[in-house]
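User: I would like to learn how to read a few features from a protein model. Please give the idea behind each one, then the case at hand.

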Amino acid sequence: RKTPTHDDFIFLGIDQQSEQLDAVGSEEIAGNRAFELMTERPFPWSREIWVLLLDRLFGAGARLVIFDLMFNNPNDGDPAFRAALDRYHDRVVVAMNIDTQNNTQIVLPNAQLIPPPAQTDDRVGFVNYWNDEIDGKLRAARFFTSERQLAGVASAPGDEIYTSLPSRALTKLGHAADIPQDQRDHLFRFSSNDAYPPFPLWQVFHPSFWKANYADGAIFKDKIVILGASSQIQHDFIVTPMNPAAPGPAVHLQVIAATEAHQFLRQTSTGVMLALVPAAGVIGWGLIPFLRRPLLSLFSLIVIAVIYLTVARIAYDRAGFFLATVPVLSTLLLCGVSTLGIDYAIERMEKLRTRRTLERYVSKNLVKEILENPRGYYNSLTGSRMPATMLFSDIVGFTTLSEKADEKELVRQL
């Protein structure tokens with residue numbers, strides 16, 4: 001089960017074509033202010049282009065615009081961009097970054113755009129996620145954090161709290177009550193991989209595409225638009241269980257969608273885990289002596305494992321509950337198979353001891369029949385009715401012959 005895709009989310013991607021504009025002719029660039037700015041210099045362009053984008057999107061009726069871009073360094077067009085950010089204050093969110101590679105440095109929009117302290121401005125949110133330490137994949141979102149938490153120290157009253165980009169967006173969308181109000185990492189249910197494909201940014205400024213693909217902007221009416229990198233060269237990709245290269249802006253939209261739909265996941269608590277693992281061990285140990293048949297015991301272990309996996313899948317899909325599977329099933333199968341092996345070894349030892357004892361008194365063939373086919377041997381003890389022919393014969397003078405002949409020679413002649 002996945003978080004449903006939101007039709008009102010749009011991802012505008014800065015792709016390679018937007019950076020190069022190979023598909024746009026010189027006559028189309030001339031007179032188009034956005035294309036002129038995009039061809040004046042390599043990305044990052046003058047921030048006047050973001051003013052043009054905001055005016056165009058909000059003019060088309062967009063509900064919210066999210067910039068998954070860093071504006072920490074001053075650039076051309078900052079005064080105009082600041083005016084646009086102030087003009088659309090309640091409908092725009094911009095990014096800040098917590099640089100964990102450089103002593104947890106806080107990277108904020110420059111002061112020409114957002115006056116200090118920018119981290120407390122309701123338009124600024126951090127874009128960071130903290131991946132799983134075991135396999136490096138993103139499974140959880142953190143909506144708030146603090147300097148003490150980032151330093152690995154327990155939080156304390158009065159800490160400066162940083163708010164995430166999805167939290168800022170959700171607040172402006174009227175979903176502040178849906179945001180978890182803590183500094184924990186919350187497991188969330190992902191959307192499908194193709195839920196939010198990137199639309200090329202350059203097409204928004206191209207008159208023909210604006211009309212043909214975006215219906216003169218009607219497609220943006222009441223939409224939440226996120227702008228961010230989608231080209232490989234910008235390396236804004238996140239490894240998730242669903243996608244080894246999920247675009248960062250698309251992940252933000254998935255977090256927003258999961259939060260709105262309350263699609264958070266719960267893990268098995270320590271107490272439940274401590275109950276399930278011993279229970280699995282007891283079942284694995286007790287099943288083999290109870291059934292006393294190796295194949296039936298092995299089949300029963302597999303059936304129990306399949307039933308448990310089915311219950312875990314139902315719990316995940318319907319209740320968002322991660323029922324522990326690996327430790328529980330590992331304990332069940334390990335205990336069951338080891339008990340089966342021990343039982344087999346004990347049985348072999350008992351058969352060997354019985355064989356050695358019986359071979360002292362009866363023939364090896366009879367012992368083999370008793371041990372390898374006990375059911376058939378026990379059935380033979382009850383007797384059976386069958387046609388039989390008996391021949392009685394006598395050798396003339398055998399008594400006298402046996403009294404005088406050598407015993408070995410007599411046996412040979414017989």
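User: How many positive and negative side chains does the protein chain have, and how far apart do the centres of the two sets lie?

Analyst: Count the charges, then compare where the two sets are centred. In this predicted model, the protein chain carries 40 positive and 45 negative side chains. The centres of the two sets are 12 Å apart.

User: What does the radius of gyration say about the protein chain?

Analyst: The chain contains 16 helices and 15 strands. Its radius of gyration is 39 Å, well over the 22 Å that the rule gives for 414 residues, so the chain is more spread out than a compact globule. The C-alpha trace spans about 140 × 55 × 35 Å along its principal axes. Buried residues account for 41% of the 414.

User: Why does the span of helix α4 agree with its number of residues?

Analyst: Helix α4, residues 48-59, has twelve residues, which at 1.5 Å a residue should span 16 Å; the end C-alpha atoms are 16 Å apart, so the two agree. Just after α4, Gly 61 has a positive phi of about 100°.

User: Which residues of α4 are buried, and what do they pack against?

Analyst: An α-helix has 3.6 residues a turn, so residues three or four places apart point the same way. In α4 the buried residues are Ile 49, Trp 50, Val 51, Leu 53, Leu 54, Leu 57 and Phe 58. Their packing partners include the strands β1 (9-14), β2 (64-67), β3 (92-99) and β11 (224-229). The helices α3 (33-40) and α5 (78-87) are also among them.

Note on methods: Residues numbered from 1 in each chain as written. Predicted model: local features only at pLDDT ≥ 70, side-chain atom pairs only at ≥ 80, totals over all residues. Heavy atoms only, no water. Helix = DSSP H or I, 4+ residues; strand = E, 2+ residues; numbered from the N terminus. Rg over C-alpha atoms; globule rule 2.2 N^0.38 Å. Buried < 20%, exposed > 50% of the residue type's maximum accessible area, 1.4 Å probe, protein only. Lys, Arg positive; Asp, Glu negative; His and termini not counted. Charge placed at Lys NZ, Arg CZ, Asp CG, Glu CD. Expected span 1.5 Å × (residues − 1). Contact = heavy atoms within 4.5 Å.
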